[in-house]
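Biologist: I have a model on my screen and a list of labels. Walk me through what stands behind them.

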Amino acid sequence: MTSNEVITGFAGELIVYLDKDNEDKKMIDDMKEMWTDIQQERRKQHKHIQTAIEELIGLKEEELQKNPGAGEQDAGEHVVEEQKLKQQIQVTKSTKEEAEHECQAKKSTLEQLQQQRQQLKAERDRIKDETNISLPKARYDVNLYSHITNIRWRYDCQPNEVIGYMCDKNSVRPFSFDRNQVSDFFTVNYLWDLMEEDW
């Protein structure tokens with residue numbers, strides 16, 4: 001089993017394991033796509049190197065067939081040709097090293113993304129647990145205060161508005177405040193005054 005198949009299989013297992021969150025799934029898909037790109041780039045470079053070597057061998061064989069006496073060439077020509085071949089080998093090696101460095105950089109990026117995904121998942125789980133603990137208490141408190149004060153709030157208003165009504169057995173008294181025009185102190189006192197009329 002190749003490393004590409006192992007990584008691809010690992011990415012597939014991660015996708016099945018995760019709770020189908022779009023963000024996690026997108027991150028895994030991005031990692032899988034990045035790894036596939038790395039493998040394709042490696043294959044291209046390997047194929048390019050192999051093709052270059054085959055072309056050089058083919059050219060040498062053609063030259064020997066066209067000129068059987070080429071084996072007895074001048075020593076200077078051999079040195080020049082040898083240097084050309086060494087240069088081509090050096091260029092090919094440097095291309096290979098660059099590809100390996102790029103592959104290593106993408107691999108480290110992949111590892112960083114995996115760590116970031118794990119941190120985000122842990123943070124999401126922590127927030128979910130905190131919400132599960134604090135939300136029922138907040139609901140209870142709001143219901144308790146609403147029952148005691150007989151104030152019913154309108155939640156679909158703008159953030160700078162305080163809207164609702166206070167009701168008792170005989171009447172319903174609406175209220176509406178723009179927090180940009182009146183202070184919070186004024187609003188609180190007004191609501192206390194409304195409640196005192198009922199008591």
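The talk below takes the labels one at a time.

Modeller: One thing before we start: this is a predicted model. The protein has four helices and three strands. Along the sequence the pattern reads α-α-α-β-β-β-α.

Biologist: What share of the residues is buried?

Modeller: Of the 199 residues in the protein, 18% are buried. The accessible surface comes to about 15,700 Å². Carbon and sulfur atoms hold 54% of that surface.

Biologist: What share of the contacts joins residues 24 or more positions apart?

Modeller: The share is 46%, counted among contacts with a separation of 6 or more.

Biologist: Why is the pair E82 and K86 called a salt bridge?

Modeller: The cut-off is 4 Å between a side-chain nitrogen of Lys or Arg and a carboxyl oxygen of Asp or Glu. The closest N and O atoms of E82 and K86 are 3.3 Å apart. That value is within 4 Å, so the pair is a salt bridge.

Biologist: Where do E82 and K86 lie?

Modeller: Both are in helix α3, residues 75–149. They are four residues apart, about one turn of the helix.

Biologist: Why is E82 called partly exposed?

Modeller: Buried means under 20% relative accessible area, and exposed means over 50%. E82 has 42%. This value falls in between, so E82 is partly exposed.

Biologist: What makes R126 and E123 a salt bridge?

Modeller: Their N to O distance is 2.3 Å. The limit is 4 Å, so the pair counts. R126 and E123 both lie in helix α3, three residues apart, which is about one turn of the helix.

Biologist: How do you know that R126 and E123 are partly exposed?

Modeller: R126 has 38% relative accessibility. E123 has 35%.

Biologist: D125 and R124 give 4.0 Å, N to O. Why is that pair called a salt bridge?

Modeller: The rule says within 4 Å, and this pair is listed at 4.0 Å, so the label is salt bridge. D125 is partly exposed at 33%. R124 is partly exposed too, at 25%.

Biologist: How many salt bridges does the rule give?

Modeller: The count comes to seven.

Biologist: What makes D178 partly exposed rather than buried?

Modeller: D178 has 26% relative accessibility. Buried needs under 20%, so D178 is partly exposed. D178 sits in strand β3, residues 172–178. P159 is 19 residues apart from D178 along the chain, with 9.4 Å between their C-alpha atoms.

Biologist: Which residues gather in a patch of negative charge on the surface?

Modeller: D29, E33, D37 and E41.

Biologist: Why can E41 belong to that patch?

Modeller: A patch residue needs over 30% relative accessible area and no salt bridge. E41 has 31%, so E41 passes the area limit. E41 lies in helix α2, residues 22–66.

Biologist: Why is the phi of N150 worth a comment?

Modeller: Most residues other than glycine have a negative phi. N150 is not a glycine, yet its phi is positive, about 65°.

Biologist: Where is N150, and is N150 buried or partly exposed?

Modeller: N150 lies in the loop between α3 and β1 (151–153). Its relative accessible area is 26%, between the 20% and 50% limits, so N150 is partly exposed.

How values were computed: Residues are numbered from 1 along each chain as its sequence is written. This is a predicted model: local features need pLDDT of at least 70, side-chain atom pairs count only at pLDDT 80 or more; totals for chains, interfaces and linings use all residues. Side-chain values use heavy atoms; hydrogens and water are left out. Helices (H or I, at least four residues) and strands (E, at least two) are DSSP runs, numbered from the N terminus. Buried means under 20% relative accessible area, exposed over 50%, partly exposed in between (1.4 Å probe, protein chains only). Patches are made of residues with over 30% relative accessible area and no salt bridge: like charges are joined within 9 Å, nonpolar side chains (Val, Leu, Ile, Met, Phe, Trp, Tyr) within 5 Å. Accessible areas come from the Shrake-Rupley method with a 1.4 Å probe; for residues, only the protein chains shown count as cover. Lys and Arg count as positive and Asp and Glu as negative; His and the chain ends are not counted. The place of a charge is taken as NZ of Lys, CZ of Arg, CG of Asp or CD of Glu. Contact means heavy atoms within 4.5 Å.
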